[in-house]
Amino acid sequence: MDPLDKLSREKLIFYLTVPLSSIIIFSNLFIIIGIACNRQLHNTPNYFFLSLLVADLCTGITLPFIPHMTLDRQLDFKHCLVMYIFPNFLFLSFLFNLVMVHYERYLCIVSPLHHSQFWVHRCFPLALLTVWLPPLLYASLPAFGWNNWDEVCSYKQVFPKAFIYLEVCGLVLPAMLSIVAMTGRVLWIARKQLQNICKLHRAVDRLQQQQQQQPSDHEQQLNLRYAKCVAAVSLTFLVCWVPYIIYQLMSVTALQTGVSLPSSSLYIIMSCTGIGSMAVIPLILGLANKQYTEPISRLMLKLRNRWRGGQNNRDTLYYSCIFSSIFFMLQHGGDFLK
């Protein structure tokens, strides 16, 4: 690769990943601190979400290094394995945590009265282990001999084609499909509950006022809220998942056809936006819940009020000094004139 071309691509990676990585890191820290400071949030569902935030935080930290995996490096075998295995492990653990959070919330909605009896709540340490240990074991397979090492540190030498196919088709795609299926099931249940509420509301109206079956303002508000929920879910999927799906399709296409997409600027852009956009999903889930952000918001409000109070005190002292000087000059002006 031309050194100038390589330098321009490294600059492109820097300008794409550093701002996105900073947003992901600080936003996750913001929500983590909010959960840690609120004792009411110290329960099993939020522990799963906290595990997801930690995985997302690690993904944000390693995000600037992921596009560099497409560039050949002059590294020895051990350092090359660490460079490729560790980011892959963090990404897979993030994906497994995301599935677990959706699964736990899916159980809460499908069986609200019995969800605490499922294994994810009764065996919380085991459930937490399943989202961290299998990704570590699978990502470490190249270190146990499943690689194509030939003195050049590149992703093609560390990850064989069969390894990438198995990861994409056996882990990533099933995880994405399960999240989509659980989200669709939750929306369908919410729609059925909304219809039942509307039928009950109309029955009450007919009994009290003998009105015709026309949608009331309350029903229209519920339907509007459901429509907003569906729109938000659809928009989240389009913004967060579609770039990553395109990135995966480009990766598989490059493996099948042998095209050197991993060295192209387009592939670098798609890898940054694909993985970065998917890492935003926990932030959307966390920032949408006021319980997670309330402690930090109150702390920021106190700091702002204290700063404004200090600023007002300084302004008051400044103006009082001016008025005192003017009053002194007016009172003793005759002495000065003499």
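Is Trp146 buried, partly exposed or exposed? At 30% relative accessibility, Trp146 counts as partly exposed. The classes are buried (under 20% relative accessible area), exposed (over 50%) and partly exposed (in between), with a 1.4 Å probe and protein chains only.

The structure is a predicted model; local features need pLDDT of at least 70, side-chain atom pairs count only at pLDDT 80 or more, and totals for chains, interfaces and linings use all residues. Residues are numbered from 1 along each chain as its sequence is written, and side-chain values use heavy atoms, with hydrogens and water left out.

The chain holds 14 helices and 0 strands. Helices (H or I, at least four residues) and strands (E, at least two) are DSSP runs, numbered from the N terminus. Of the 338 residues in the chain, 37% are buried.

Two helices were compared with their expected span, which is 1.5 Å times one less than the number of residues. Helix α2 (residues 44–62) has 19 residues and should span 27 Å at 1.5 Å a residue. Its end C-alpha atoms are 27 Å apart, which agrees. The buried residues of α2 include Phe48, Phe49, Leu52, Leu53 and Leu57. Helix α11 (residues 265–278) has 14 residues. From its first C-alpha to its last, α11 reaches 20 Å, close to the 20 Å expected. In α11, 10 of the 14 residues are buried, so this helix is largely enclosed by the rest of the structure. Among them are Tyr267, Ile268, Met270, Cys272 and Ile275. Gly274 and Gly276 are buried in α11 too.

Aromatic contacts were examined next. A pair of aromatic rings is described by the distance of the centres and the angle of the planes. Rings of Phe, Tyr and Trp (its six-membered ring) pair if their centres lie within 6.5 Å; planes under 30 degrees apart count as stacked, over 60 as edge-to-face and the rest as tilted. By this rule the count comes to 9 aromatic pairs. Trp146 and Phe163 form one that is edge-to-face, at 5.4 Å centre to centre and 80° between the planes. Trp146 lies in the loop between α6 and α7 (155–158), and Phe163 lies in helix α8 (residues 161–209), so the pair ties together parts that are 17 residues apart in sequence. Phe163 is buried, with a relative accessible area of 1%. Both residues belong to one aromatic cluster, together with Tyr84, Tyr138 and Phe159.

A charge also sits over a ring, which requires NZ of Lys or CZ of Arg within 6 Å of the ring centre and within 35 degrees of the ring normal. Arg105 lies over the face of Phe49, at 5.2 Å from the ring centre.

A nonpolar patch lies on the surface. Trp119, Leu126, Leu129, Leu133, Leu136 and Leu137 form this patch, with about 530 Å² of accessible area together. Elements giving two or more residues to the patch are α5 (124–130) and α6 (133–139). The largest share, 3 residues, comes from α6. Patches are made of residues with over 30% relative accessible area and no salt bridge; like charges are joined within 9 Å, and nonpolar side chains (Val, Leu, Ile, Met, Phe, Trp, Tyr) within 5 Å. A salt bridge is a side-chain nitrogen of Lys or Arg within 4 Å of a carboxyl oxygen of Asp or Glu. Accessible areas come from the Shrake-Rupley method with a 1.4 Å probe; for residues, only the protein chains shown count as cover.

Leu136 is found in helix α6 and is partly exposed, at 37% relative accessible area. Leu137 is also placed in α6 and is exposed, at 53%.

Leu137 and Phe89 are 48 residues apart in sequence and 8.5 Å apart in space, C-alpha to C-alpha. In helix α3 (residues 77–110), His79 is exposed, with a relative accessible area of 52%. The C-alpha atoms of His79 and Cys153 are 9.1 Å apart, at 74 residues in sequence. Cys80, also in α3, counts as buried at 0% relative accessibility. Cys80 and Val152 are 72 residues apart in sequence, with 9.0 Å from C-alpha to C-alpha. Phe26 lies in helix α1 (residues 3–37) and is exposed, at 60%. The C-alpha atoms of Phe26 and Leu57, 31 residues apart along the chain, are separated by 8.5 Å.
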